Amino acid sequence: MSLHFLRTPRIRYLAIVTTIALLVAMLTATAVYATLYDISTTDGSVADWGGIGIYQTDPAGDVATARSDAINTWLAAGPTGSTGDNRELYFRLQVASSPALADNYAAVAQVSCDDPNTFETANDRAVFYIPNCTGPGAERVGIMPGNQSGVTKGIGPDRGQRVGDQLEWGAKVADIETGDAGWPVIDCSGTIWIRFLTADASGQCTPPFTGNAVAYDRVDGREHTGVSVPTVVEVQQIDASNETPSLLWPLVAGLMAGFGVFVVAFRLRRRNAEI
């Protein structure tokens, strides 16, 4: 009697395991797709953040001034349907008392696109929002290198707002990557790391807007509840979507592959049964 028949259950088992593994792998892969949102930073409300979980938390009372005491932060990408150069990052920070931030203070999102451990080099970025400057700068949103060298790139007061104890602001990924003349161009098309802080930004409220912002309350090194991987948000310039892009065909291919192995096992069993 042929020994081939003894291998058939193995092949059938392999078919089942392969199919399950393919399905699990594809379902796991969908987790890297970032959901995109339509966030307005000028509508006088933070209601459009509904459904977006907290990104980072920080204990209340760890600094003396409640208006600058960061307690919760959020992070989102959008708008829906965006790709490449029109992709944006949205930032939101809540402090312990209203109104958020005293004059000449800033909410800052430090962005690192190459290293989770460095946020203050020329290859990093600080995207900040100052609700009110007592100098000629007035309300402003800007971007500067992580090492705070060079002249800040202003991207307009219409990119941020203060709503009670909340602050929200945003910037295009392309602006974060290119910065200004003399800054190194960076690539933020993959995994990026972000940490938040409040800062004394008095030097950014008077020309030539080159003074360093001094950190007051930094939010980092804690468990994050808003994303599946701590300190990380996926900003895929091609694949990110609030849908499930290109998932149907991999699913069909996986099922066909598993079915193909099963068919081979079945035919081997029939052939061996006839021997």
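Predicted model: local features only at pLDDT ≥ 70, side-chain atom pairs only at ≥ 80, totals over all residues.
**Strands β3 and β9**

Strand β3 (residues 88-95) and strand β9 (residues 166-172) run antiparallel and are joined by 7 bridges. I took two strands as paired if DSSP finds at least two bridges between them. Strands are DSSP runs of E with at least two residues, helices are runs of H or I with at least four residues, and both are numbered from the N terminus. One position I checked is Y90, which stands opposite G170 in β9.

I noted the conventions at this point: residues are numbered from 1 along each chain as its sequence is written. Local features need pLDDT of at least 70 and side-chain atom pairs count only at pLDDT 80 or more, whereas totals for chains, interfaces and linings use all residues, and side-chain values use heavy atoms, with hydrogens and water left out.

**The sheet around them**

I then traced the sheet, which is open, has 5 strands in the order β1-β2-β3-β9-β8, and pairs in the antiparallel sense. β1 (56-57) and β8 (160-163) are at the edges with a single partner strand each, so one side of each has no neighbour in the sheet.

**Aromatic rings**

I counted aromatic pairs next and found 5 in the structure. Rings of Phe, Tyr and Trp (its six-membered ring) pair if their centres lie within 6.5 Å; planes under 30 degrees apart count as stacked, over 60 as edge-to-face and the rest as tilted. F91 and W169 make a tilted pair, 5.6 Å centre to centre with 40° between the planes. This pair links distant parts of the chain, with F91 in strand β3 and W169 in strand β9, 78 residues apart. F91 also pairs with F196, edge-to-face, at 6.1 Å centre to centre and 75° between the planes. F91 lies in strand β3 and F196 in strand β10, so this pair ties together parts that are 105 residues apart in sequence. Both F91 and F196 are buried, and W169 is buried too. For burial I used relative accessible area: buried is under 20%, exposed is over 50%, and partly exposed is in between (1.4 Å probe, protein chains only). Y55, F91, W169 and F196 form one aromatic cluster.

I also looked at R92, whose charged end sits over the ring of W74, 3.6 Å from its centre. The rule here is NZ of Lys or CZ of Arg within 6 Å of the ring centre and within 35 degrees of the ring normal.

**T41**

I found T41 in the loop between α1 (4-29) and β1. T41 has 8% relative accessibility and so counts as buried. A polar atom of the T41 side chain lies 3.3 Å from the backbone oxygen of R159. Leaving aside neighbours within four places in sequence, T41 is in contact (heavy atoms within 4.5 Å) with residues including Y90, R159, W169 and G170.

**Disulfides**

I counted 2 disulfides, taking a disulfide as a pair of cysteine sulfur atoms within 2.5 Å. The sulfur atoms of C113 and C188 are 1.9 Å apart. C113 lies in the loop between β4 (105-112) and β5 (125-130) and C188 in the loop between α2 (173-178) and β10 (191-200), so the pair ties together parts 75 residues apart in sequence. The torsion about the S-S bond of C113 and C188 is about 90°, so this disulfide is right-handed. C133 is joined to C205, S to S 2.0 Å. The torsion about that S-S bond is about -65°, so the disulfide of C133 and C205 is left-handed. C113 and C188 are both buried, as are C133 and C205. With the bonded cysteines numbered in sequence order, the pairing is 1-3, 2-4.

**Strand β6**

I checked burial along β6 and found 6 of its 6 residues buried, so β6 is largely enclosed by the rest of the structure. R140, G142 and M144 point one way from β6, and V141, I143 and P145 the other way. β6 pairs antiparallel with β5 over 6 bridges, and R140 is the bridge partner of I130. β6 also pairs antiparallel with strand β7 (residues 153-154) over 2 bridges, where G142 stands opposite G154.

**D220**

I ended with D220, in the loop between β11 (214-219) and β12 (232-234). D220 has a relative accessible area of 27% and is partly exposed. Leaving aside neighbours within four places in sequence, D220 is in contact with Q56 and R195.

Notes: Polar contact = N/O pair within 3.5 Å; in protein donor to acceptor, adjacent residues only side chain to side chain.
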